[in-house]
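Visitor: Walk me through this model one feature at a time. Give me the general idea, then the case.

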Amino acid sequence: ITPETAMEFVRWLLEGYGHDSTATWLLDWREIHVLVTGNPDGHARNEATYSYWRKNVNPENAGACLGSYGTDLNRNFSFQWGAPGASPCPCNEVYRGASAASDLETQAIQDYVVGLFPDQRGPLITDMAPLTTTGLLISLHSYSDLVLWPWGFTEGLAPNDAQLAQLGAEFAHYNGYTAEPAHGLYATSGTTDDWSY
């Protein structure tokens, strides 16, 4: 459902421009990039089999895993790759990949985002993003009705937790979802949201 949701957002923006004040304001005053899908081969497999396939279809480990090969791209990002919340077992649903950002899809997304947003935090895990930070990345997922923000790899709070929680609460106000730090769901590592923060 995530590519379809992203396309609905694009449709709403384009059809609303000049008719809807919010869509018009967004397009007049903000630069918006929409990556409709970061996992095209996994999405194609989902459509073909009507399954809950979450991984790409990287054939690297297909022989050993039969029906569950591939990499969970949301465990393959280079930040905190291999920490708790991702599996080193290629047959596991949350297999992290052979190494940090080992899969082409992850590399492409990381390169694209870095080209849009310079890193605005310091080098330490405890460094806050400045209050003047620009840019917002939303990673859509198709399950759980949650608004999540960093951190997922630890129960510790992200340095900007207060600001992230406020933003999460605003999103949840509009869609009725539950807002919480990512680790509140379960431990994750190598994820899009932790990496992009």
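Visitor: Where does Gln 80 lie?

Guide: Gln 80 sits in the loop between α4 and α5. Helices (H or I, at least four residues) and strands (E, at least two) are DSSP runs, numbered from the N terminus. Keep the ground rules in mind: this is a predicted model, where local features need pLDDT of at least 70, side-chain atom pairs count only at pLDDT 80 or more, and totals for chains, interfaces and linings use all residues. Residues are numbered from 1 along each chain as its sequence is written, and side-chain values use heavy atoms, with hydrogens and water left out.

Visitor: What is the phi of Gln 80?

Guide: Most residues other than glycine have a negative phi, and most peptide bonds are trans. Gln 80 is not a glycine, yet its phi is positive, about 55°. Its relative accessible area is 28%, so Gln 80 is partly exposed. The scale is relative accessible area with a 1.4 Å probe, protein chains only: buried is under 20%, exposed is over 50%, partly exposed is in between.

Visitor: Is Ala 101 buried or exposed?

Guide: Ala 101 is buried, because its relative accessible area is 12%. Ala 101 also lies in the loop between α4 and α5. Its phi is positive as well, near 55°. A glycine case follows α1: Gly 18, just after that helix, has a positive phi of about 85°.

Visitor: Which residues does the cis peptide bond join?

Guide: Pro 150 and Trp 151, with omega about 10°. Trp 151 is placed in the loop between β1 and α6 (161-175).

Visitor: Which residues of α1 are buried?

Guide: Pro 3, Ala 6, Leu 13 and Gly 16. Their cover includes α2 (21-29) and α3 (40-49). Contact here means heavy atoms within 4.5 Å.

Visitor: How many salt bridges are there?

Guide: Side chains of opposite charge can pair when their charged atoms come close. The rule asks for a side-chain nitrogen of Lys or Arg within 4 Å of a carboxyl oxygen of Asp or Glu. The count is four. In one of them, Glu 8 pairs with Arg 11, with the closest N and O atoms 2.7 Å apart. Both lie in helix α1, three residues apart, about one turn. Glu 8 is partly exposed because its relative accessibility is 41%, and Arg 11 is partly exposed at 35%.

Visitor: What does Asp 72 pair with?

Guide: Asp 72 bridges to Arg 54, the closest N and O atoms being 2.9 Å apart. Asp 72 is in the loop between α4 (62-65) and α5, Arg 54 in the loop between α3 and α4, so the pair ties together parts 18 residues apart in sequence. Asp 72 also meets Arg 75 in a salt bridge, 3.7 Å from N to O. Shared partners also join Glu 8, Arg 11 and Glu 15 into one network. Asp 72 is buried at 2% relative accessibility, and Arg 75 is buried at 2%.

Visitor: Which residues make up the largest nonpolar core?

Guide: Nonpolar side chains in soluble globular proteins tend to be buried together. A nonpolar core is a set of buried Ala, Val, Leu, Ile, Met, Phe, Trp, Tyr and Cys residues joined through side-chain atoms within 4.5 Å. The largest has eight: Ala 83, Ala 129, Trp 149, Trp 151, Phe 153, Ala 158, Leu 164 and Tyr 197. Arg 121 touches residues including Ala 129, Trp 151 and Tyr 197.

Methods
Lists of a residue's contacts leave out its neighbours within four places in sequence.
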